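Colleague: Before we discuss particular residues, could you bring up the model so that we can go through it together?

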Amino acid sequence: MSDPVSSLSPHVMNTYGRLPIAMSHGKGCRVWDTEGREYLDALGGIAVNTLGHAHPELVSALQDQVAKLIHCSNYYHVPGQEQLASALVRLSGLTNAFFCNSGLEANEAALKIARKYGHQKGIDRAEVVVFENAFHGRSIATLSATGNPKVHAGFEPLVEGFIRVPRNDMEALRRATEGNPNVVAVLLEPIQGEGGIRPMHVEFLQQLRRYCDEQGWLLMLDEIQCGLGRTGKWFAFQWADIHPDVMSLAKGLGSGVPIGAVVAGPKAAEVLQPGNHGTTFGGNPLAMRAGVETLRIMEEQHLLDNAAEVGEHLKHALEKGFEGVPGVIEVRGHGLMLGIELAKPCSELLQRGAENGLLFSVTANSVIRLVPPLILTKAEADEIVAILVPLVKQFLAE
């Protein structure tokens with residue numbers, strides 16, 4: 001593939017290992033680049049484009065909102081914030097919400113809630129339990145919570161106050177925190193996204209909920225990638241029939257419009273008070289309209305059912321396609337959040353996929369990640385399989 005776009009970004013900071021593609025427009029689960037090439041989008045902007053591209057109802061709503069009010073200020077009430085918060089409270093069973101601009105900001109807010117919660121209990125140096133292979137963002141605080149040495153490298157010293165433990169190991173967590181009076185919360189992804197599409201076991205989540213209650217800790221769930229219908233339920237914690245005290249959201253909540261949210265339950269809902277936290281852009285009328293319309297369309301078009309049904313179809317088709325193939329370790333995930341773990345690093349597959357008209361990503365070095373729009377059809381799922389399986393087989397045979 002030629003590189004028609006690299007010369008167009010000489011003044012953009014070189015922070016991404018980009019493919020030599022620039023996107024022009026999209027429709028549904030397909031996008032076209034500036035050279036006119038068509039791609040099936042199995043990445044969805046990294047689990048962001050919930051409704052696909054150019055969804056007519058969303059486009060109409062956003063055009064209407066832009067013509068009215070894009071931004072005002074949080075000095076004033078923003079009616080869309082109450083609309084979206086009310087919907088999130090109804091769907092999650094929690095209490096209230098704070099709106100920001102991204103997942104990183106949502107996790108920062110969650111960590112501030114945890115620290116202030118600790119201070120209210122007389123704990124001056126609050127500590128939070130986090131997990132190996134987790135990813136919570138790239139700010140200094142959230143990269144410190146992240147369990148990836150590559151993300152840490154070059155940004156030390158890290159923020160103190162994090163205790164790192166293995167995934168799905170309750171005994172290890174107990175040993176790491178035993179006798180420590182400074183622990184105030186546990187932060188985890190129900191399904192690790194950047195860590196390789198690795199789910200937390202239902203039993204572990206249930207044990208963790210009980211243990212946090214016993215210890216008086218907050219259970220804080222990062223559902224930035226796995227929430228909002230991606231697994232076939234509104235939130236991944238619902239598979240375990242529990243409720244968190246704090247939940248961070250972003251990515252798919254605005255179908256591409258930047259938005260983040262922290263949703264809190266009764267133990268955490270009143271921790272932050274005026275002056276404790278804030279944002280200039282967060283909760284602006286445009287983002288709130290995007291969130292409200294996204295949830296409405298998801299409900300009306302039964303996209304949770306679609307994510308579950310099409311996701312199961314896609315997973316089974318991938319398992320069948322890779323059955324007995326040396327070098328394919330596992331196909332795993334829930335709904336339309338799937339990972340294919342290979343026995344060797346596979347980042348070069350991104351370019352090969354694009355050359356064959358398929359967009360996806362590679363995470364944790366050797367896991368192909370599929371997080372397409374929740375409007376994906378079974379026919380489009382079959383198309384993903386038809387392109388991806390031969391590519392992977394050829395790659396592994398080399």
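Colleague: Is R209 buried or exposed, and what is its relative accessible area?

Modeller: This is a predicted model, in which local features need pLDDT of at least 70 and side-chain atom pairs count only at pLDDT 80 or more, while totals for chains, interfaces and linings use all residues. Residues are numbered from 1 along each chain as its sequence is written, and side-chain values use heavy atoms, with hydrogens and water left out. Buried means under 20% relative accessible area, exposed over 50%, and partly exposed in between, with a 1.4 Å probe and protein chains only. R209 therefore counts as buried, with a relative accessible area of 10%.

Colleague: Which residue forms a salt bridge with R209?

Modeller: A salt bridge here is a side-chain nitrogen of Lys or Arg within 4 Å of a carboxyl oxygen of Asp or Glu. With the closest N and O atoms 2.8 Å apart, the residue is D213.

Colleague: What is the relative accessibility of D33, whose side chain meets that of R37 in a salt bridge?

Modeller: The side chains of R37 and D33 meet at 2.8 Å, N to O. R37 counts as partly exposed at 29% relative accessibility, whereas D33 counts as buried, at 2%.

Colleague: Which residue in strand 2 is the bridge partner of G26?

Modeller: Two strands pair if DSSP finds at least two bridges between them, and strand 1 pairs with strand 2 (residues 30-33) in the antiparallel sense over four bridges. Both belong to an open sheet of four strands with mixed pairing and the order 1-2-3-15, whose edge strands, pairing on one side only, are strand 1 (23-27) and strand 15 (358-359). Within strand 2, the bridge partner of G26 is V31.

Colleague: Which side chain does a polar contact of 2.8 Å join to that of H53?

Modeller: H53 is found in the loop between helix 1 (44-47) and helix 2 (56-66), and it is buried, with a relative accessible area of 15%. Leaving aside neighbours within four places in sequence, H53 is in contact (heavy atoms within 4.5 Å) with residues including G26 and V31. A polar contact is a pair of N or O atoms within 3.5 Å; within protein, one must be able to donate a hydrogen and the other to accept it, and residues adjacent in sequence count only if both atoms are side-chain atoms. The side chain joined to that of H53 at 2.8 Å belongs to D41.

Methods
Helices (H or I, at least four residues) and strands (E, at least two) are DSSP runs, numbered from the N terminus.
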